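This report is meant for a reader who has not seen the structure before.

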Amino acid sequence: MQKLLLLGDEAIAQGALDAGISGVYAYPGTPSTEITEYIQHSKKAKEEGIHCTWSANEKTAMEAAVGVSYTGRRALVCMKHVGLNVAADPFTNSAVTGANGGLVYLIADDPSMHSSQDEQDSRSYARFAQIPCMEPSNQQEAYDMIRYAFDLSEKLQTPVLFRVTTRMAHSRSGVELREGRGQNPVKLDPNPKRFILLPANARMLYKELLAKQPEFENRALQDGFNAYQEGSDKKLGIIACGIGYNYLQENFGGKCPHPVLKVSQYPIPRTWVKKITDECDKVLIVEEGYPIYEELIRGYLDASGKILGRLDGTLPRDGELNPNILAKALGLPKTCGEPIPDVVVARPPSLCQGCPHADTYTALNEAMKEYGRGHVFGDIGCYTLGALPPYGAIGSTVDMGASITMAKGAADAGLRPAVAVIGDSTFTHSGMTGLLDAVNDKSPITVIIMDNSTTGMTGGQDSAAFGKIEQICMGLGVEKEHIRVLTPLKNNHDENVRVMKEEIAYQGVSVIVPRRECIQTAVRHAKEAAKAKKA
Amino acid sequence: MKKDIILAGVGGQGILSIATVIGRAAVANGMYLKQAEVHGMSQRGGDVQSHLRISTEPICSDLIPEGKADLIISVEPMESLRYLPMLHADGWVITNNVPFKNVPDYPSDADLEKAMKSVKNMIAFNADQLAKEIGSPRSANMVILGAAADKLGLPYEEFEKAVAAIFAAKGEDIVSANLKAMASGREQSQK
């Protein structure tokens with residue numbers, strides 16, 4: 001079969017296409033974005049009408065996918081780890097309903113927080129919802145395991161959580177493809193109560209879910225993605241999860257002398273945990289993320305010293321792993337080269353040259369000058385970089401949509417003025433409901449919806465808010481005369497400062513929409529237009 | 001044969017196109033490849049790096065261990081120094097010496113030059129100038145790649161073939177500009 005050089009994310013996307021999905025449902029988020037983009041650009045998706053447009057947020061994405069599964073067809077849902085917090089309601093409840101058509105939740109975690117506000121480990125969510133979890137160690141596995149996950153989902157009638165981390169998502173390697181297969185026909189679940197979670201049904205369905213648990217573990221034992229590798233040096237055994245396995249093997253040239261339990265499917269089979277803890281003096285548990293299984297295997301009060309990992313300091317408590325961290329844990333010699341010379345300084349990310357947000361922040365800082373620090377609440381996106389020098393323009397960034405609701409809370413508590421700064425895509429993701437709260441309470445806040453007409457930070461995906469912001473705000477009850485649209489340009493600076501000052505002074509809900517296209521997508525669109533003209 | 005390469009630069013400078021050419025040449029020669037890239041927030045003008053590993057044997061880790069890189073290929077001088085802990089004692093640094101100054105505390109020319117001089121094996125030159133001289137100012141990347149080509153363990157023609165294949169869709173002019181850029185960088189490295 002064909003061999004392609006694919007990012008982990010692309011291998012997952014190709015795997016899902018070849019597994020016969022009827023749709024991918026997603027909201028952009030690093031490091032998961034490239035999966036949906038790959039499907040959007042694929043010929044197969046176009047030819048077969050596979051759904052692949054972006055959803056407004058992770059919750060709407062997941063619920064739509066549950067609807068696909070309801071019909072008997074297969075759906076993939078993609079998001080970054082914190083997106084699963086937004087989708088936690090359909091996530092946990094769909095574990096109780098179970099799946100009809102294959103249903104796979106692809107969650108991309110970001111340990112070390114390369115582009116995130118926390119490093120939560122989505123394997124916790126799989127345990128919480130009590131569903132199977134897959135975690136590939138390389139791109140080929142990622143490709144193969146996606147189809148397996150859909151089959152497992154259909155066979156055991158359960159959604160499956162498919163977890164990757166940044167390095168898996170954004171690393172490229174050769175992947176051999178298999179013959180693709182078609183979509184499922186529409187076929188409703190024979191159990192008419194499956195998707196009706198009335199308490200009486202839910203109690204029954206929950207018992208079904210609990211009854212499936214031994215089979216979930218049995219599949220993890222039998223189906224070949226976990227493996228027990230014998231080793232002669234039994235002073236130490238190693239349980240290596242996901243890409244932690246690669247870092248382990250790197251240190252031994254692929255030939256680890258110790259017994260190794262390679263884990264790519266959860267729950268980890270107890271049979272093998274028992275075997276490795278019985279036959280080895282000590283057991284090192286390598287998890288790219290939280291010490292979830294380490295804590296389980298160690299036990300809450302463990303003081304035996306037999307289990308090593310992140311909790312006893314053998315591995316660092318936080319951050320992603322790498323070959324050197326493993327080398328240190330294994331007592332192998334250091335290989336570090338020359339130190340970084342002192343002249344090398346940090347180069348944090350910054351707003352692009354020509355970014356509209358830069359002009360908005362310059363104007364906002366001037367409009368807010370008289371009030372001192374701490375009156376502007378930020379949100380998640382490129383404009384979060386407004387927290388850094390030279391702007392220092394925002395005083396908070398917590399989660400998607402929190403700028404509006406935190407400003408409202410602060411205003412309720414007496415902070416005057418209280419200003420929220422949020423992007424267009426973030427606004428429709430989860431800012432609208434907060435704005436409704438503010439309107440209903442007549443909270444004195446000013447909401448600046450920085451409309452760059454795209455989802456910028458993740459690379460310029462379509463924004464669900466496009467062309468709709470003023471109507472949405474009016475629909476939610478914001479007074480028309482307090483919805484002000486600006487063009488953030490240096491030439492308009494004085495006028496923009498004036499408008500901002502006016503609305504900040506207004507003792508009710510006001511909305512300012514600085515609107516200018518993202519400089520990155522504007523350049524891309526200009527190139528595409530020139531190309532089209534040429535052709 | 002195995003080469004571990006760190007590619008370095010600033011988000012938006014296009015280090016991934018260097019990786020694409022090397023990767024294509026390696027895979028066309030039946031080699032294994034793993035390449036860890038940076039996507040997301042750092043791409044906005046921050047420091048970016050890519051770990052590119054090519055080998056005739058299967059590769060375990062997506063990340064290169066410290067002190068094991070054979071080469072640091074950089075399109076920015078300060079960035080070429082950031083990854084020295086990754087470089088093997090006998091490894092080489094090949095870099096453009098034109099600074100990209102988007103931070104207020106960027107080192108002075110003299111301090112930067114001094115730090116670069118202290119690196120054992122380094123090829124540093126003005127790739128922007130060479131690219132301009134051959135009439136394709138945006139191909140400094142390929143100039144740097146050309147300067148590294150002789151240290152990558154594959155015949156030079158393999159990189160020419162890769163460039164031809166990758167840029168074919170963009171037309172004959174683009175292919176020949178990139179080939180010229182690569183050749184001029186290679187010539188510079190042999191001086």
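The model is predicted, and the predictor gives the complex an ipTM of 0.94 together with a pTM of 0.96. For chain B the mean pLDDT is 94, with 99% of the residues of that chain reaching 70 or more.

Two packed helices are described by the angle between their axes and the distance between the axes. The table sets out these values for each pair.

| Helix pair | Residues | Angle | Axis distance |
|---|---|---|---|
| H16(A) and H18(A) | 402-412 and 432-440 | roughly 25° | within 8 Å |
| H1(B) and H6(B) | 15-28 and 156-167 | about 115° | 8 Å |

In chain A, the axes of H16(A) and H18(A) cross at roughly 25°, and because angles under 35 degrees count as roughly parallel, H16(A) is roughly parallel to H18(A). Their crossing is left-handed. On the H16(A) side, Ile404(A), Thr405(A) and Lys408(A) take part, and they meet Gly434(A), Leu435(A), Asp437(A) and Ala438(A) of H18(A). The residues of this contact comprise 3 nonpolar, 2 polar and 2 charged.

In chain B, H1(B) and H6(B) pack at an angle of about 115°, which makes H1(B) roughly perpendicular to H6(B). Here H1(B) passes H6(B) in a right-handed crossing. From H1(B), the residues Thr20(B), Val21(B), Ile22(B), Arg24(B) and Ala25(B) meet Glu158(B), Phe159(B), Ala162(B), Val163(B), Ala165(B) and Ile166(B) in H6(B). That contact divides into 8 nonpolar, 1 polar and 2 charged residues.

Key. Residues are numbered from 1 along each chain as its sequence is written. Chains are lettered from A and ligands numbered from 1 in the order in which they are written. This is a predicted model: local features need pLDDT of at least 70, side-chain atom pairs count only at pLDDT 80 or more; totals for chains, interfaces and linings use all residues. Side-chain values use heavy atoms; hydrogens and water are left out. Axes are lines fitted to C-alpha atoms, for helices over the stretch in contact, and angles run from 0 to 180 degrees between N-to-C directions. Helices (H or I, at least four residues) and strands (E, at least two) are DSSP runs, numbered from the N terminus. Angles under 35 degrees count as roughly parallel, over 145 as roughly antiparallel, 65 to 115 as roughly perpendicular and the rest as oblique. A crossing is left-handed if the near helix is turned anticlockwise from the far one by less than a right angle, and right-handed if clockwise. Contact means heavy atoms within 4.5 Å. Ala, Val, Leu, Ile, Met, Phe, Trp, Tyr, Cys and Pro count as nonpolar, Asp, Glu, Lys and Arg as charged, and the others, Gly among them, as polar. pLDDT is the predictor's confidence in each residue, from 0 to 100.
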